[in-house]
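Please consult the sequence and the three-dimensional model shown here.

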Amino acid sequence: MTLNGKTALVTGSTSGIGLGIAQVLAAAGANIILNGFGDAQPALAEIARQGGKVAHHPADLSNVAQIEDLFAFALREFGSVDILVNNAGIQHVAPVEAFPVEAWDKIIALNLSAVFHGSRLALPGMRARNWGRIINIASVHGLVGSTGKAAYVAAKHGVIGLTKVVGLETATSNVTCNAICPGWVLTPLVQEQIDARAAAGVDPLQAQEDLLAEKQPSRAFVTPQHLGELVLFLCSEAGSQVRGAAWNVDGGWLAQ
Ligand code: NAD
């Protein structure tokens, strides 16, 4: 399939899953707007190799004014946002009674509210062109809980609820909205959790194996490429009647 002429905005795409998804969409011909913190040059160079147009905007998506600025930039520089992948997300692990209030607020702002703001800003253009795809990178933690992840689990469950509403509100159009729910993917977000176990005295490789063994029956990581290919399917005609879904890619995590 070709996404020539379409523009995809992938939030949180300077590393990890977002970068992987951006690479797959760029290889399919889409122009790409990257977003995220850190040095964007390697990601920009990687995407530019695919031949389409690419730019980076460093908006902090926990800030509504910066999200609005990102969309103004997208319309000014690219003319449209046809595919919105709401991917940026952070984690903090602590029991509820010790959960820092600032960490709660930040996670809800980024992992949930930014998905609402991105959707409300992308939808008018998608409706006007009668084509669009909103793909929210939720998590298995949008469907089940785990200890220590109150804000993350609450936000991701919220994302799945929001996905259903947007999926219903766009149901008679060529705009769709779906959520993807990955299990463990070895990115900086998960590496931090492995490092925390290693810091508590567990051998790093063992810490990685333990993490997988506890939740993911395949005992193998999902990859950003796997997720990118599913995003591509959801952008295709074959995916056009998948609406409001929460699609897990989790090595069997939720089958248990
Ligand atoms: P990551 O830490 O590798 O990447 C996160 C990206 O978000 C980076 O580009 C970072 O710069 C950006 N970011 C962080 N705070 C931001 C902010 N305030 N504004 C804008 N950008 C910001 O993480 P990842 O593992 O690739 O996670 C991506 C998404 O996938 C998240 O929503 C996460 O919850 C979800 N997810 C990850 C896993 C996993 O196992 N890694 C599993 C399920 C779901």
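Serine 80 is located in the loop that links helix 3 (64-78) and strand 4 (83-86); helices (H or I, at least four residues) and strands (E, at least two) are DSSP runs, numbered from the N terminus. The model is predicted, so local features need pLDDT of at least 70 and side-chain atom pairs count only at pLDDT 80 or more, while totals for chains, interfaces and linings use all residues. Residues are numbered from 1 along each chain as its sequence is written, and side-chain values use heavy atoms, with hydrogens and water left out.

**Serine 80**

- Serine 80 counts as buried because its relative accessibility is 9%; buried means under 20% relative accessible area, exposed over 50%, and partly exposed in between (1.4 Å probe, protein chains only).
- Beyond its neighbours within four places in sequence, serine 80 is in contact with Thr7, Ala74, Leu75 and Arg129, where contact means heavy atoms within 4.5 Å.

**Ligand**

- Of the 30 residues around the ligand, those that come nearest are Thr14, Asn87, Tyr152, Val185 and Thr187; a residue is near a molecule or strand if one of its heavy atoms lies within 4 Å of it.
- An oxygen atom of the ligand lies 2.8 Å from a backbone N or O atom of isoleucine 17.
- For asparagine 87, a polar backbone atom is 2.6 Å from an oxygen atom of the ligand.
- For tyrosine 152, a polar side-chain atom lies 2.5 Å from an oxygen atom of the ligand.
- Helix 6 gives three residues, the largest share of the shell around the ligand.

Terms used:
A polar contact is a pair of N or O atoms within 3.5 Å; within protein, one must be able to donate a hydrogen and the other to accept it, and residues adjacent in sequence count only if both atoms are side-chain atoms.
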